[in-house]
Amino acid sequence: MNGRQLRTRFKGAAVAVAGLLALTACGGGGSDAADGSTKGDQGGDKAAATTRSVKHDAGTTEKVPAQPKRIVSVSVTMTGHLLALDAPVIASQATPPSVITDKQGFFTQWSDAAAKNSVKVAYQGFEPDVEKVLALKPDLIIGASSGAENAEKFYDKLSVVAPTLLYRHDDVSWQDLTARLGKDLGLEKRATEVVAAHEKRVGEVKAAITVPKQSAALVRDNQSAMTVFTPESAQGRLLTSLGFTVLEPPAGKGQTQGGRSDFAEFSQEKVADTAKDSSLLFVSHTPEEITAATARPVWKDLAAVKDKRVYDLGLDTFRLDYYSAGNLIDKIEKAFG
């Protein structure tokens, strides 16, 4: 399809959306509510047709359905948060299949939930395929304004298809993001339940485990470098809530990206100086990768390796949502219970 044809389809979608909203508003004396929503009665049954104005990380979107029916996620990261909320996701962006995904490219921690809810693959790749999104006829599009699937460049085109909300997920806890999505989608009760269930599980496991007296170094072996997750990271905050003392990387010796405070990178030669006597908790590695890392000269003489204080937190701990956070807690319970 050429550019002119695509623009024609976008214009057609805009007209259709405008027409639908106009019909919805004609039900009998609509009025603007104090919260920015718009209400109107349809026909004689006075069924409320409600929209709201939502401020998100790419701007403010009007006419967001208060009770969306057909959400398309253009962020594979955001999809997990939406599924935990029981949001009506009909399709999602997928990544190229890898060890952290199922064969469709959905993250393994929530791929079962996606299958249970019949979530389709909208497209595969990091840039939104606007034509495929249009064909799915969403009434709401949700995506990311950070990470590899950042959709800000496509925001205007996506907004023609349906109201579009974009969120950062790299500088906020999954609990806070869940609460924000719950508020914006009218799913506040479910959001509260999800976070409460997590906190209850944290309390149960904290009471059942014995944490090591040494600090916990949350690490990733990048072969040429080592990533250390700080106490400010999502992983670090979860470990802290379970009673661990999370290693604070030496200040000024590591490299961070974009001023982020959740991790720092160190050269392999700095492994011993950085980890010292800490227990090693590997984030997002296969068992084979952990074995290979700890066999290297710069790792094998660490106290944690010699004392067998090396732990696998699972492949899905690279980015936390309700599902992967639960899996991490299960790993901790098994290792330290």
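Trainee: Which residue forms a salt bridge with R190?

Mentor: A salt bridge is a side-chain nitrogen of Lys or Arg within 4 Å of a carboxyl oxygen of Asp or Glu. R190 pairs with E193, and their closest N and O atoms are 3.8 Å apart. Both residues lie in helix 7 (residues 188-208), three residues apart, about one turn of the helix. Helices here are DSSP runs (H or I, at least four residues) and strands are too (E, at least two), numbered from the N terminus. The model is predicted: local features need pLDDT of at least 70, side-chain atom pairs count only at pLDDT 80 or more, and totals for chains, interfaces and linings use all residues. Residues are numbered from 1 along each chain as its sequence is written, and side-chain values use heavy atoms, with hydrogens and water left out.

Trainee: Is D221 buried or exposed?

Mentor: Buried means under 20% relative accessible area, exposed over 50%, partly exposed in between (1.4 Å probe, protein chains only). D221 is at 10% relative accessibility, so D221 counts as buried. D221 forms a salt bridge with R296, with 2.7 Å between the closest N and O atoms. D221 is in strand 12 (residues 216-221) and R296 in the loop between helix 10 (287-294) and helix 11 (297-300), so the pair ties together parts 75 residues apart in sequence. R296 counts as partly exposed because its relative accessibility is 22%.

Trainee: Which residues do salt bridges that share partners join into one network?

Mentor: D86, K189, R190 and E193. A search of the whole structure finds twelve salt bridges.
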